[in-house]
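Here are a few notes to read alongside the model.

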Amino acid sequence: MNPLLLTLAILPGLLLSYAIFRADKYEREPLVPLLVCFGLGAAATFPALEIERWAFLSLQPYEKGWGVVLLTAFLAVALNEEFFKFLMLRCAAYPWRFFNEPLDGIVYSVMVAMGFATAENIFYAWRFGAETAFVRAFTAVPAHLVFGIVTGYYSGLAKFGSRQPARMLLQGFLVAFLLHGVYDFLLLQNWSDWLLVLATLSLYLCLYYCNHLIKEHLDKSPFKA
């Protein structure tokens, strides 16, 4: 892969990682835990992509009806990817002493998501070229950001203040999974271009709403002056 194409694949995830790092105003996380989460997210792409490759070969959603597209979007892609990202967050970052305020849930979850999106981008750029990498910079990578913020928001609630942390963690996983499934269903269907437009508009509306989730956790920070 040439350096320009590699840069195009890597840059969106790095920029969004830096943006979420900067959003943590009151007590920023150390570099090493952030890099660990990013790396774990990248590692999670390998089993996830293998499962997706097998599912797409078996189901061939582009050649069949809405039921197969629904199954592919929600199970082969959304459930698969969100499970591995959630697993990395829950088993690694969630117990850390560095995770010491609600917003840290969003920060670490986004790092996992951006690691996943970046590794995924490298794969797609290598296979399909610069045009795909460019399109994904404005679609797939921001989508992983949204799902990461949602999962992280609920993990922050689970660790700080919830009497039922396991239920709150599960709720975050399920909301991210459902958002991911709907988004991918709209992308995978081949019946209407307007549904593709709806997927993009919905994504950016979700991004706008995610800004409120970040602000809400910022306001709860024990380090706020």
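1. Let us begin with a term: buried means under 20% relative accessible area, exposed means over 50%, and partly exposed lies in between (1.4 Å probe, protein chains only). By that scale Y94 is buried, because its relative accessible area is 11%. F99 is buried as well, at 2%.

2. A word on the basis of these notes: this is a predicted model, where local features need pLDDT of at least 70 and side-chain atom pairs count only at pLDDT 80 or more, while totals for chains, interfaces and linings use all residues. Residues are numbered from 1 along each chain as its sequence is written, and side-chain values use heavy atoms, with hydrogens and water left out.

3. Now for the rings: those of Phe, Tyr and Trp (its six-membered ring) pair if their centres lie within 6.5 Å, and planes under 30 degrees apart count as stacked, over 60 as edge-to-face and the rest as tilted. The whole structure holds 17 aromatic pairs. In one of them, Y94 and F99 have ring centres 5.7 Å apart and planes at 85 degrees, so the pair is edge-to-face.

4. How do the rings of F99 and F160 meet, stacked or tilted? Their centres are 5.9 Å apart and their planes lie at 45 degrees, so this pair is tilted. F160 counts as partly exposed because its relative accessibility is 31%. Y94, W96, F98, F99, Y108 and F160 form one aromatic cluster.

5. Finally, look for charges over rings (NZ of Lys or CZ of Arg within 6 Å of the ring centre and within 35 degrees of the ring normal). The charged end of R28 sits over the ring of F21, 5.4 Å from its centre. Over the ring of F116 sits the charged end of K85, 5.5 Å from the centre.
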